[in-house]
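Here are a few exercises to work through with the model open beside you. Try each one before reading its solution.

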Amino acid sequence: MPTATKPRKSGKNKKSTKYTAKTADKHELYQLSVQNVEAEIDFVDETYTALRGRPAQTVREDFCGTAASACEWVKRRDTNKAVGVDLDGPTLEWGRTHNLNQLPENAQSRVTLLQKDVRDPGPEGTGVDVVLAMNFSYWIFITRDAIRNYFKSVLDTLDDDGIFICDFYGGSDTMTEQEEVRKISKHLTYVWDQRKYNPITGDMECRIHFKFPDGTQMRDAFIYEWRLWTLPEIRELLGEAGFEDVTVYWEGTDPDDEEEGNGEFTPTLQGEADPAFICYIVSQKKKRGS
Ligand SMILES: C[S@@+](CC[C@H](N)C(=O)[O-])C[C@H]1O[C@@H](n2cnc3c(N)ncnc32)[C@H](O)[C@@H]1O
């Protein structure tokens, strides 16, 4: 799977199983270490309802990988539908077995997985209320034209009331070559490896490794080759693609620890010079409400 992620500050760890490099499953470890689909889908649901005065029904998860967010979305309401789009067949298959097939039958039937390029999701991925692109996956587009064209294709495939939500990782730490080691549970340690960064082109290479208590490691479980975009560039490119409103939702500070976020994201034009932040960008096809 060619993209990567920093664990969310507010992420939850769900399970405490014994792992070793030989037997561990990299997709399971990724879901445990990186993703927090409950919080992500809370944000999607609350934001769409706040902007449109009614809940969203259909969410398309671009770069869906194992489709964890799509599955979380259909769990929330019996009327919810989701479309997951990813190029990688084996990763989609893992998601079908471990995420989709674990849902009740009535929820399974409301998820469609498409093995397609996100720039051409086809009729089944068109007319949706929300498109999601999470864990910075859209940074695989490394030229202004390529990323603008992706944003244009998102715009064209949204319903008129539709919104596009992506996340963004920024701050001075992103421009350094460093490893961040995070203990996920007593059985699992996650390593986010910012392996290479070229300040001339913005090219960056990041990797994910996992370490286990028996001393074994799963090196290079995921490798990502991205352009490190800045937030002003992405805001401008979303506007150039035709979104009428592009708003950053910035995370508040944990009252007990000013180094940590509180998991609450609110719209603002005033950020802070945090060395490592994650925020959401919410882009409305047609600006309505606030
Ligand atoms: C890091 S995974 C994202 C997983 C999940 N969405 C998340 O939030 O953690 C990135 C995924 O993007 C997929 N991908 C890369 N380029 C793509 C493209 N042009 N169209 C569709 N999927 C693509 C890869 O196959 C990979 O599964």
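The exercises below go from the overall fold to single residues, and the model is a predicted one.

**Exercise 1.** Work out whether the radius of gyration agrees with that of a compact globule.

Solution. Start with the chain length: the protein has 290 residues. For that length, a compact globule would have a radius of gyration near 19 Å. The protein has 18 Å, which agrees. Along the principal axes, the C-alpha atoms fill a box of roughly 55 × 45 × 40 Å. Seven helices and twelve strands are found in the protein, and 53% of the 290 residues are buried.

**Exercise 2.** Decide how far helix 3 is covered, and list its buried residues.

Solution. First locate helix 3, which spans residues 68-76. Seven of its nine residues are buried, so the helix is mostly covered. Those seven are Ala68, Ser69, Ala70, Cys71, Glu72, Trp73 and Val74.

**Exercise 3.** Find the residues that form a negative surface patch, and check the exposure of Glu259.

Solution. The patch is made up of Asp256, Asp257, Glu258 and Glu259. Glu259 sits in strand 11 (residues 257-268). Its relative accessible area is 63%, so Glu259 is exposed.

How values were computed: Residues numbered from 1 in each chain as written. Predicted model: local features only at pLDDT ≥ 70, side-chain atom pairs only at ≥ 80, totals over all residues. Heavy atoms only, no water. Patch = residues over 30% accessible without salt bridge, like charges linked within 9 Å, V, L, I, M, F, W, Y side chains within 5 Å. Areas by Shrake-Rupley, 256 points an atom, 1.4 Å probe, with all protein chains shown as cover. Salt bridge = Lys/Arg side-chain N within 4 Å of Asp/Glu carboxyl O. Lys, Arg positive; Asp, Glu negative; His and termini not counted. Charge placed at Lys NZ, Arg CZ, Asp CG, Glu CD. Helix = DSSP H or I, 4+ residues; strand = E, 2+ residues; numbered from the N terminus. Buried < 20%, exposed > 50% of the residue type's maximum accessible area, 1.4 Å probe, protein only. Rg over C-alpha atoms; globule rule 2.2 N^0.38 Å.
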